[in-house]
Amino acid sequence: MLTLPPSVRVYVAAEPTDLRKSFDGLSALVSQRFGEGPLCGHLFVFRNRRGDQMRVLFWDRTGYMIVAKKLARGRFHLACEVPKGATHVEVEAAELSLMLEGFDLSQAVRRKRWRPGVRKIAPSKQSLMDARGIALPRAT
């Protein structure tokens with residue numbers, strides 16, 4: 001399982017890519033297809049025409065890295081349906097991990113999860129506290 005900070009995004013190319021390209025060729029594709037700067041620190045994923053190879057390009061503050069995988073049997077499948085005319089889709093790191101393991105996520109169902117939200121407190125219930133956690137009287 002990949003462990004990436006939430007600030008890192010994962011972009012997957014919608015169309016097959018010629019994986020004979022190396023660092024410069026793939027970084028040029030990032031600018032063209034994704035509309036992103038290849039030095040932004042996000043992960044950019046490319047598949048070949050047959051779907052049995054994947055390459056992940058990213059910048060790690062000192063240079064480009066390419067992580068490549070070729071399946072011995074089977075094909076890589078995209079984690080979600082690609083909208084018509086889209087050049088790429090954004091997936092989560094967990095979905096990328098499953099894709100790299102060869103899972104077909106097209107029939108998977110994402111369950112709703114709790115996400116922390118902004119809690120709104122009425123101004124009348126807000127109180128000031130000192131460093132020890134003791135409520136201070138309001139100035140009138």
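Two strands count as paired if DSSP finds at least two bridges between them, and helices (H or I, at least four residues) and strands (E, at least two) are DSSP runs numbered from the N terminus. The structure is a predicted model, in which local features need pLDDT of at least 70 and side-chain atom pairs pLDDT 80 or more, while totals for chains, interfaces and linings use all residues. Residues are numbered from 1 along each chain as its sequence is written, and side-chain values use heavy atoms, without hydrogens and water.

**View 1. The chain as a whole, with its elements in order.**
The chain folds into 2 helices and 7 strands, and these elements follow one another from the N terminus as β-α-β-β-β-β-α-β-β. Of the 140 residues in the chain, 30% are buried, where buried means under 20% relative accessible area, exposed over 50% and partly exposed in between, with a 1.4 Å probe and protein chains only. Among the contacts (heavy atoms within 4.5 Å) that span a separation of 6 or more, 49% join residues 24 or more positions apart.

**View 2**

**View 2. Strand β2 between its two partners.**
Which strand pairs with β2 in the parallel sense? Strand β1 (residues 10–13) does, over 3 bridges, and within this pairing V10 has L43 of β2 as its bridge partner. Strand β3 (residues 53–59) pairs with β2 in the antiparallel sense, over 4 bridges, and here V45 stands opposite V56 of β3. β2 and β3 together form a hairpin with 5 residues between them, and in its turn G51 adopts a positive phi of about 85 degrees.

**View 3. The two faces of strand β2.**
In a regular strand the side chains alternate between the two faces of the sheet. From β2, the residues L43, V45 and R47 point one way, whereas F44 and F46 point the other way, and all of them are buried. Since 5 of the 5 residues of β2 are buried, the strand is largely enclosed by the rest of the structure.

**View 5**
The structure holds 5 aromatic pairs; rings of Phe, Tyr and Trp (its six-membered ring) pair if their centres lie within 6.5 Å, with planes under 30 degrees apart counting as stacked, over 60 as edge-to-face and the rest as tilted. The pair formed by F34 and F46 is edge-to-face, because the ring centres lie 5.6 Å apart and the planes stand at 85 degrees. This pair links distant parts of the chain, since F34 belongs to helix α1 (residues 23–34) and F46 to strand β2 (residues 43–47), 12 residues apart. Both partners count as buried, F34 at 6% relative accessibility and F46 at 0%. Ring pairs also join these two residues with Y11 and F44, so that Y11, F34, F44 and F46 form a cluster.

**View 4. Helix α2 and what covers it.**
Helix α2 (residues 93–100) is mostly covered, with 6 of its 8 residues buried, namely A93, E95, L96, S97, M99 and L100. The cover over these buried residues includes β1, β2, β3, β4 and β5. Just after α2, the residue G102 takes a positive phi of about 95 degrees.

Is L100, at 18% relative accessibility, buried or exposed? L100, which has its place in helix α2, counts as buried at this value. When its neighbours within four places in sequence are left aside, L100 is in contact with M54, K69, L71 and F76. L100 and R55 lie 45 residues apart in sequence, while in space the separation from C-alpha to C-alpha is 9.8 Å.
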